[in-house]
Amino acid sequence: MAPSDHRPASLIPGGAVFPHRHLTGIEGLQPHEITFLLDEAENWVEANRRHAKPDKRLDGLTQINAFFENSTRTLLSFEIAGKRLGADVVNMHAAQSSVKKGETLIDTAQTLNAMRADVIVIRHMSSGAVRLIADKVDCPVLNAGDGRHEHPTQALLDALAIRRRRGSVAGQRVVICGDILHSRVARSNILALTALAADVRVCAPSTLMPPAMDRMFVTPFTDFDQAITDADVVMMLRVQNERMDGGYIPSSREFRLRYGLTPERLARIPDALVMHPGPMNRGVEIDSAVADGAQSAITEQVEMGVAVRMACLDVLTRRARGVEGWA
C-alpha cells in the first residue's frame, strides 16, 4: 500500500496522485486516488460521446487481455478501451486453460512476461491469482476480476455512474442486494463506495451473506423491503449458481418473491437509481420492466466501463511512456 496522503489530488504533483504500479483491487487505494481515476474517466466519457478520433497516446504499446475465465462485456470493454487509445490489443482466450493455481500461475506469469507486453489485463477464476502474476511481471497489471476477491474497474465505473446521475457518491444510501457471498463486484463496490463516504447497505438471504459484514462498514439486511427504505441507489446482483455446490436458495421463484426488484418494490422508491453489473437474470433478481425503465442506469454503466478502463490504461502506462511528472 502506498503511504497515506490525504491532500487534494490537485495539490499532489505528478505520479504521486496515483503512485501504484498495478490496479489489482480497490483495497489499499486512498479516497483521493479513487476520485482521481473517476476524474480522469470523465474526460473519456465526453470524448467517446463526441465520437472523437481515436487517441494515439498508447501507440506502439502492446496490451494483452489474458482471460482465464469467460467474459463478454468486460473483455470487449477492455479491448475497445485499448484500441481507442491506440494500443495493439491481443486477446488471450484462456478460459479453458488447465492453469489453475500454485506454481502453474508462476509459469503463466513468466510466459506473459516473456511476451514483453506493456500492460496486461487479467481475469482469473482464483482469488489472488492476479496479484501473484502482477508480482512476477515487469509491466502494469489490471485486475478484470479474480475469484471472489475483487473487480476494481467495475466498482470504479459504478461509482462514476452514481456520481454522474446523483451528483455525488458521498451521502448516497446505496443498497447492494443479491449473491453477496460469491460476488467480487460487491466486495469492490463496498470498498469504493464506503471510501467515498456513501451509506452502504447489503441485503441477501442468510445463506448468501458473508460473516462479519459490519466490519466492512456496511449495514447488513436479510429483509429486502426494509433494506430499500429511503434508498438512493439499488444495485442488484446475479445469483451465481456456477459458484455454488449446494442449496443456497430454495428456488429462483422464491428468490424473486423475497429479493427481486419488481415494479411494485421500485414504486416505493420512485427517485432511486437502479443498477446491475450484468449479466442479468431477468425475472429473478430484477424484472425486465425495471431493468429497462426510466430509473435504470444499466446501459450507462456499460458506457462508463469503457471510459474508466481507458483512464486506468492511460494512468498505469504514464510512467513507462515518460509522461512528465510520472517518470
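Which residue just after α11 takes a positive phi? I looked, and G322 does, with a phi of about 70°.

**Ground rules.** I am working from a predicted model, in which local features need pLDDT of at least 70, side-chain atom pairs count only at pLDDT 80 or more, and totals for chains, interfaces and linings use all residues. Residues are numbered from 1 along each chain as its sequence is written, and side-chain values use heavy atoms, with hydrogens and water left out.

**Whole chain.** I found eleven helices and nine strands; these are DSSP runs numbered from the N terminus, helices being H or I of at least four residues and strands E of at least two. Of the 327 residues, 55% count as buried (under 20% relative accessible area; exposed is over 50%, partly exposed in between, with a 1.4 Å probe and protein chains only). I also looked at contacts (heavy atoms within 4.5 Å): among those between residues at least 6 apart in sequence, 74% join residues at least 24 apart.

**Helix α11.** I checked its length: the 24 residues should span 34 Å at 1.5 Å a residue, and the end C-alpha atoms are 34 Å apart, which agrees (the expected span is 1.5 Å times one less than the number of residues). Because 18 of its 24 residues are buried, α11 is largely enclosed by the rest of the structure.

**α2 against α11.** The axes of α2 (residues 73–84) and α11 (residues 298–321) come within 8 Å and cross at roughly 50°. Axes here are lines fitted to C-alpha atoms, for helices over the stretch in contact, and angles run from 0 to 180 degrees between N-to-C directions. That makes α2 oblique to α11 (under 35 degrees is roughly parallel, over 145 roughly antiparallel, 65 to 115 roughly perpendicular, and the rest oblique). I noted residues on both sides of the contact, including F78 and I80 of α2 and V306 and M310 of α11.

**Helix α6.** How far apart are the end C-alpha atoms of α6? They are 17 Å apart, which agrees with the 16 Å that its twelve residues (184–195) should span at 1.5 Å a residue. Nine of the twelve are buried, so α6 is also largely enclosed by the rest of the structure; among the buried ones are R184, N189 and L193. At its start, a side-chain oxygen of S183 reaches to within 3.3 Å of the backbone nitrogen of V185. A197, which follows α6, has a positive phi near 75°.

**α5 against α6.** These two pack at an angle of about 50°, with their axes 8 Å apart, and are therefore oblique to each other. In α5 I picked out A155, D158 and I162, among others, as meeting α6 residues that include V185, S188 and A192.

**Q172.** Buried or exposed, I wondered, is Q172? It counts as buried, at 11% relative accessibility. Q172 sits in the loop between α5 (152–166) and β5 (173–177) and touches I162, R166, A198, D199 and D232, leaving aside residues up to four places away in sequence.

Most residues other than glycine have a negative phi, and most peptide bonds are trans. In the loop between β6 (199–203) and β7 (219–221) lies A212, with a positive phi near 55°; A212 is partly exposed at 37% relative accessibility. F217 is in the loop between β6 and β7, has a positive phi near 65° and is exposed at 71%.

Definitions and conventions:
Polar contact = N/O pair within 3.5 Å; in protein donor to acceptor, adjacent residues only side chain to side chain.
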